[in-house]
Amino acid sequence: MSTAATSPLVEALDAQAAAMAEATPSLAPARALAREAALAHGVPTTRQERWKYTALRALAARRFEAPAARVDVDLKVVADIPAPRLVIANGRYAPALSDLHGLAEGLRVRLLSEVLRDAPTEAAGWLATDTAATDAAFQQWNGALADEGFVLEVEPGVRVATPLHLVVIGAEDGADRAFHLRHRITLGAGAALVVAKHHLGTGAHRHLLNTVLHVELGEGATLTQARVQREADGATLIQRTQATLGANAHYRRLDLELGGALSRHELDVALAGDGAQLDANGVLLADGRRHLDTRLGIEHRARDTRCELTWRGLGAQRGRAVFHGGILIAEGADGSNATLSNKNLLLDDGAEIDTQPVLVIHADDVQAAHGATVGRLDDTALFYLRARGVPLAEATAMLTAAFLREPLAVLANEPLEAALAATLDARLASAASARE
């Protein structure tokens, strides 16, 4: 074992990787490359630029067990999530909680475990990861350990309007466990799909969820994706999304970070085809002692591409929100248009928000604007509401909700937007009660 890999976390993950290699010898070579890279690089530290604001010392000192064979979760946990619905609970597919009624023709749904079993050669390519990256150990461990996930493929020209709900549940089961999921969404030319992904927690668990999602959009394809993270207050989530957009493809995305103890999401999108478009919005609700870290890496690689990014953050009590908005307009990506807005509210002196917008341009004839702010609620607006008899707590809640709802409009899907607005409002009400 490398001297870089001396932490209890890495030792536990390495033992699990060794056991998995013996159980699935056909995938051992692909997994071995990822495992060796993770061992060599160790757990990222704040000395590395990409992890500057997120310390992992406490996580590195913990040990996690592998997923159990099964876990029992009450159906009421997903009762308000409509079909078609697929559910993974504690790293294992949960058919009793899933409901594929109404699944559209032309949409192929598989589990990663099925592909690993039936098509190991295909799966080996999916497990490939960047072994040279010294700050990507979690993605490398994912390549070594991922054994479940959702695999979605839409045939060219098929347009699926009914949202498909993907649910990942962390449930208390008597141990701290680590789950490594790898998902894939592939849309053929001219295809369209709406996906809502839910991260839910039940019980006071402290699991580690390590997820990688690959998205590939063919020419003219449209993917609308909402991700709602409402994990248990003790949970840790490390997630990475890697998306490649073909010519005139359109990726609409909303991320609501509402739960967990530590949640980090890296969203890397390559606008690889001429005319590709990205609209990616999000909300970071960092209250209590929650630490939420989002890192965007958007690359304009082709002509006439467009991205619009609207993110809102809230810091309350002793919560911390970290946001990095990186946009690169590469040489030859003439005619690109890039906009980033990151505005944040601080409700309490003990909260912290760190924001870093970065714009790098190597092309001609482009339009680009980026900005970030951190401040308090508008005193004038508060005074206006108080003068009309609105109590301070209620006035604060009204203004905060209005501020955080703005990103939801990106979905261009009224029923889904309404459902997510209700989820956000309920979470804000809970946060307000905790501050009283």
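Trainee: Is Arg264 buried or exposed, and what is its relative accessible area?

Mentor: In this predicted model, Arg264 is found in strand 12, which spans residues 262–271. Residues count as buried under 20% relative accessible area. Arg264 is therefore classed as buried, since its relative accessible area is 1%.

Trainee: With which side chain does the side chain of Arg264 make a polar contact?

Mentor: Leaving aside residues up to four places away in sequence, Arg264 touches a set of residues including Arg50, Trp51, Asp293 and Arg295. For the polar contact, the pair of N or O atoms must lie within 3.5 Å. At 2.9 Å, the partner of the Arg264 side chain is the side chain of Glu266.

Trainee: Which helix packs on the sheet by touching strand 6, strand 8, strand 10 and strand 12?

Mentor: The open sheet in question has 9 strands in the order 3-4-6-8-10-12-14-16-18, with mixed pairing. Within this sheet, strand 6 (residues 178–187) and strand 8 (residues 208–217) pair in the parallel sense over 10 bridges, and Ile185 has Val215 of strand 8 as its bridge partner. The element that packs on the sheet, with a direction at about 85° to that of strand 6, is helix 6 (residues 137–145).

Trainee: What angle does the direction of helix 8 make with that of strand 15?

Mentor: Strand 15 (residues 306–315) pairs with strand 17 (residues 337–346) in the parallel sense over 10 bridges, and Gly315 stands opposite Leu346 in strand 17. Helix 8 (residues 392–405) packs on the sheet and touches strand 13, strand 15 and strand 17, and its direction makes with that of strand 15 an angle of about 155°.

Technical notes
Residues are numbered from 1 along each chain as its sequence is written. This is a predicted model: local features need pLDDT of at least 70, side-chain atom pairs count only at pLDDT 80 or more; totals for chains, interfaces and linings use all residues. Side-chain values use heavy atoms; hydrogens and water are left out. Two strands pair if DSSP finds at least two bridges between them. Helices (H or I, at least four residues) and strands (E, at least two) are DSSP runs, numbered from the N terminus. Contact means heavy atoms within 4.5 Å. Axes are lines fitted to C-alpha atoms, for helices over the stretch in contact, and angles run from 0 to 180 degrees between N-to-C directions. Buried means under 20% relative accessible area, exposed over 50%, partly exposed in between (1.4 Å probe, protein chains only). A polar contact is a pair of N or O atoms within 3.5 Å; within protein, one must be able to donate a hydrogen and the other to accept it, and residues adjacent in sequence count only if both atoms are side-chain atoms.
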